[in-house]
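Subject: Structure handover

Hello,

The structure is below, followed by notes on what was found in it. Please read the notes alongside the coordinates.

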Amino acid sequence: MTRPVTERDFRKPEFMDAQPEDYEFRGDGAVVRKDRWETGIHQIRCIVGPKGREFEIKDVVEAVERMAGNWHEADPEEDPVLPAIDLRLSCGSILARCERRTRPFTYHWEFGAIDFTNKDFGADVVEWRESPAIPADNS
């Protein structure tokens, strides 16, 4: 004997045992879990750290930044205000240790004797990161 068809038989398998109060409509109309952001950050934390049960979101973000090389989008409105930065150009080249000048938002790459300003950020300069410290010469 077969059972009668019910409303549940018309549901998609991924929603078969779902509770409507756990879901919402996303902007594009798709039905999604309300806790998808929290679930996502837990998944990322499991991949990159920190380990352990308790964690802070900023610690997860810092771990992701380390994995990504600490690169930041070059924004002409945001001066990094650091002693030295590495620049990634639109062609893919990386210019290491561009030193901050006394003029606002100006970084000098000594090897090529080039100055980069906010006019370059977001145009030819696509990303920046803090330059690693130069190890002390103990010889």
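Relative accessible area sorts residues into buried (under 20%), exposed (over 50%) and partly exposed (in between), using a 1.4 Å probe and protein chains only. This is a predicted model, in which local features need pLDDT of at least 70, side-chain atom pairs count only at pLDDT 80 or more, and totals for chains, interfaces and linings use all residues. Residues are numbered from 1 along each chain as its sequence is written, and side-chain values use heavy atoms, with hydrogens and water left out.

Salt bridges (a side-chain nitrogen of Lys or Arg within 4 Å of a carboxyl oxygen of Asp or Glu) come to 9. One of them joins Arg-26 and Asp-28, with the closest N and O atoms 2.8 Å apart. Arg-26 is partly exposed at 38%, whereas Asp-28 is exposed at 57%. Another links Asp-115 to Arg-103 at 2.9 Å, N to O. Asp-115 is in strand β7 and Arg-103 in the loop between β5 and β6, so this pair ties together parts 12 residues apart in sequence. Helices (H or I, at least four residues) and strands (E, at least two) are DSSP runs, numbered from the N terminus.

Strands β6 (residues 106-109) and β7 (residues 114-117) pair in the antiparallel sense over 4 bridges; pairing requires at least two bridges found by DSSP. Thr-106 stands opposite Thr-117. In this hairpin, with 4 residues between the strands, Ala-113 has a positive phi near 50°.

Phe-121 is in contact (heavy atoms within 4.5 Å) with residues including Pro-76, Ile-85 and Trp-128.

Regards

Notes:
Lists of a residue's contacts leave out its neighbours within four places in sequence.
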